[in-house]
Each structure stands twice: as C-alpha cells, then as structure tokens.
Amino acid sequence: PSETPHGSWIQFAALADGVRAHGLKDTLEALLGRSVHLSRVESPKRPGLTLHRIRMGPFVSRGEARLRLKEITARIRSLRLKTWIAED
C-alpha cells in the first residue's frame, strides 16, 4: 500500500464496508468533477477493524481545506455526510 501524503484533508467518511466506500468515492467524483482518495486504515477505536477513508486532498493548509469544503458543500448536501477536516 502506498503512503498517504501529509497535509490537511477533507474527509467525507470512514466505512468498514469496502463496497460502499468505493460506491461513495465514485458518487463524490461524479458530483465534484475531481478525483477523491480512498485509503485503508485500522480503526483507532476498534483494533483489527479496517476502515476505508474517503478523502479529498491533501491541501497545504487547514484554511485551504476549509475554503474548498465551503465551495463543495452545496453539491454534496444530498449525501448527508458528516464531513470534516482531517490532518495527517
């Protein structure tokens, strides 16, 4: 597995179900018109559980990530995601 670049990310979700994660990634890419990153990580709350993170980035700063999130919020509202800015 390739290493995830460091920076600020817009995180859309972290799902245990890989099929759902890939579907959400495809949906987001269609809505946003740009690529979305999918990575696998171990759950910090449940060791042994693999989560599939769906993110956009990295951005050079938290402020840039917040600005981009503000720009795309209306386009993804129908998905009802609890989107946040994550740091790596």
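1. Start with H52 and its surroundings. Leaving aside neighbours within four places in sequence, H52 is in contact (heavy atoms within 4.5 Å) with A13, A14, L15, A16, D17, G18, A21, L38, S39 and R40. H52 counts as buried because its relative accessibility is 10%, the cut-offs being under 20% for buried, over 50% for exposed and partly exposed in between, with a 1.4 Å probe and protein chains only.

2. Keep in mind that this is a predicted model, where local features need pLDDT of at least 70, side-chain atom pairs count only at pLDDT 80 or more, and totals for chains, interfaces and linings use all residues. Residues are numbered from 1 along each chain as its sequence is written, and side-chain values use heavy atoms, with hydrogens and water left out.

3. H52 sits in strand β3; strands (E, at least two residues) and helices (H or I, at least four) are DSSP runs numbered from the N terminus. Strand β3 covers residues 50-59 and pairs with β2 in the antiparallel sense over six bridges, where pairing takes at least two DSSP bridges between two strands. Opposite I54 in β3 stands L38.

4. Now the whole sheet: it is open, with four strands in the order β2-β3-β1-β4 and antiparallel pairing. At the edges are β2 (37-42) and β4 (84-87), each pairing on one side only.

5. Two helices pack on this sheet. Helix α1 (residues 18-32) touches β1 (8-15), β2 and β3, and its direction makes about 25° with that of β3. Helix α2 (residues 62-76) touches β1, β3 and β4, at about 50° to the direction of β1. Angles run from 0 to 180 degrees between N-to-C directions, using lines fitted to C-alpha atoms, for helices over the stretch in contact.
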